[in-house]
Amino acid sequence: MPTRPGLLDRIEQYFALSPLPETAVRRVGALDVPVGSAEWPYPARPHPGGGPVPVADIEAALALQRESGMPEALEWFAQRNPGLAQAARSAGLGIDELPLLVAVDDVEVTLPEGVRFFLVGADDPQLATYQRLAQLAFATPVGATAGPISSAPGAAPDRLVDPPQPTSVLRERIADGRTVMMIAVEDGEPVAVGSHQPVDVDGTGMSEIVGVATLPRFRGRGLGAGLASTLVEHAGETVQTVFLAAGDDDVARVYERVGFARIGTTLVAERVSD
């Protein structure tokens with residue numbers, strides 16, 4: 001495995017390449033701002049080697065995102081841009097700190113009893129359901145409960161997951177192999193979902209695990225760790241490095257128990273609601 005500085009360099013390259021070829025990337029001062037489909041948005045990021053990011057660059061990037069219909073968002077590594085947090089706050093953004101972890105050798109694959117994992121095909125008619133599952137899971141705090149996500153006749157989906165999410169970009173990405181989605185199924189019902197997104201970086205594959213989400217009533221059974229470890233196993237067939245940003249330190253410790261190691265901190269800045 002590369003040293004930590006070298007690994008962060010490669011992950012920065014990964015993020016610089018990720019929006020391509022589907023999304024145009026505009027250079028705004030020291031920031032790269034992807035401007036593509038709002039169905040699959042990317043945050044602005046510091047240009048690799050671009051130096052300090054002033055408040056004026058952040059404000060210009062946010063204005064471009066608004067004009068393009070993109071969410072106002074900025075991401076970076078704390079280890080690479082230590083002064084960016086204060087500049088982002090000055091631009092009116094709130095900041096979350098996410099542990100950045102990389103999968104090391106011999107990640108333990110965990111398979112919770114009674115649950116089966118399936119890869120999702122681009123022609124799967126339930127893609128919108130899986131997206132609603134993730135939306136509901138991320139919108140429901142740990143310890144809370146929520147109703148079913150089924151949209152079958154007679155069902156009463158939670159209002160948080162209406163209307164159905166668009167799936168055209170996701171279908172295209174799955175068909176092209178740019179997104180590999182996996183679901184966990186129990187008794188015929190999808191209960192958790194997650195993906196990895198491979199990118200070729202200078203001839204060496206890397207992939208980020210994203211969107212690992214479990215329905216509230218199924219939490220605490222190791223489904224998230226099981227999905228992540230199975231996604232690592234799948235990604236390892238074609239790439240050399242797999243990484244992820246955990247939601248918080250507690251989630252990071254779960255991933256560490258199955259074979260991830262923390263290498264840094266991802267900072268996510270978004271517009272603070274009034």
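This is a predicted model: local features need pLDDT of at least 70, side-chain atom pairs count only at pLDDT 80 or more; totals for chains, interfaces and linings use all residues.
Visitor: How many bridges join strand S7 to strand S8, and which residue in S8 is the bridge partner of Ile-183?
Guide: Strand S7 covers residues 180-186 and strand S8 residues 189-201, and the two run antiparallel. They are joined by 7 bridges. In S8, the partner of Ile-183 is Val-193.

Visitor: Which strands stand at the edges of the open sheet?
Guide: Let's follow the order of its 8 strands, S4-S11-S5-S10-S9-S8-S7-S6, where the pairing is mixed. An edge strand here has a single partner, so one side of it is left without a neighbour in the sheet. That applies to S4 (73-77) and S6 (116-119).

Visitor: By how many degrees are neighbouring strands of this sheet turned against each other on average?
Guide: Here the direction of the strands is ignored. On average, neighbours in this sheet are turned by 25 degrees.

Visitor: Glu-208 is buried, so which side chain of opposite charge is nearest, and how far away is that side chain?
Guide: Glu-208 is found in strand S9. Beyond its neighbours within four places in sequence, Glu-208 is in contact with residues including Tyr-14, His-196 and Phe-243. A salt bridge needs the charged atoms within 4 Å, and Glu-208 has none. The nearest side chain of opposite charge is Arg-45, at 7.1 Å.

Visitor: Where else does Arg-45 turn up, and which residue is its bridge partner?
Guide: Arg-45 belongs to S3, a strand of residues 45-46 that pairs with S2 in the antiparallel sense over 2 bridges. The bridge partner of Arg-45 is Asp-32.

Visitor: Why is strand S2 largely enclosed, and how many of its residues are buried?
Guide: Leu-31, Val-33 and Val-35 point one way from S2, while Asp-32 and Pro-34 point the other way. Both groups are buried. S2 is largely enclosed by the rest of the structure because the buried residues number 5 of the 5.

Visitor: Which residue in the turn between S1 and S2 has a positive phi?
Guide: Strand S1 (residues 24-28) runs antiparallel to S2, with 5 bridges between them, and Val-25 stands opposite Pro-34. The two strands form a hairpin with 2 residues between them. The turn residue with a positive phi, about 60 degrees, is Gly-29.

Conventions:
Residues are numbered from 1 along each chain as its sequence is written. Side-chain values use heavy atoms; hydrogens and water are left out. Two strands pair if DSSP finds at least two bridges between them. Helices (H or I, at least four residues) and strands (E, at least two) are DSSP runs, numbered from the N terminus. Axes are lines fitted to C-alpha atoms, for helices over the stretch in contact, and angles run from 0 to 180 degrees between N-to-C directions. Buried means under 20% relative accessible area, exposed over 50%, partly exposed in between (1.4 Å probe, protein chains only). Lys and Arg count as positive and Asp and Glu as negative; His and the chain ends are not counted. Contact means heavy atoms within 4.5 Å.
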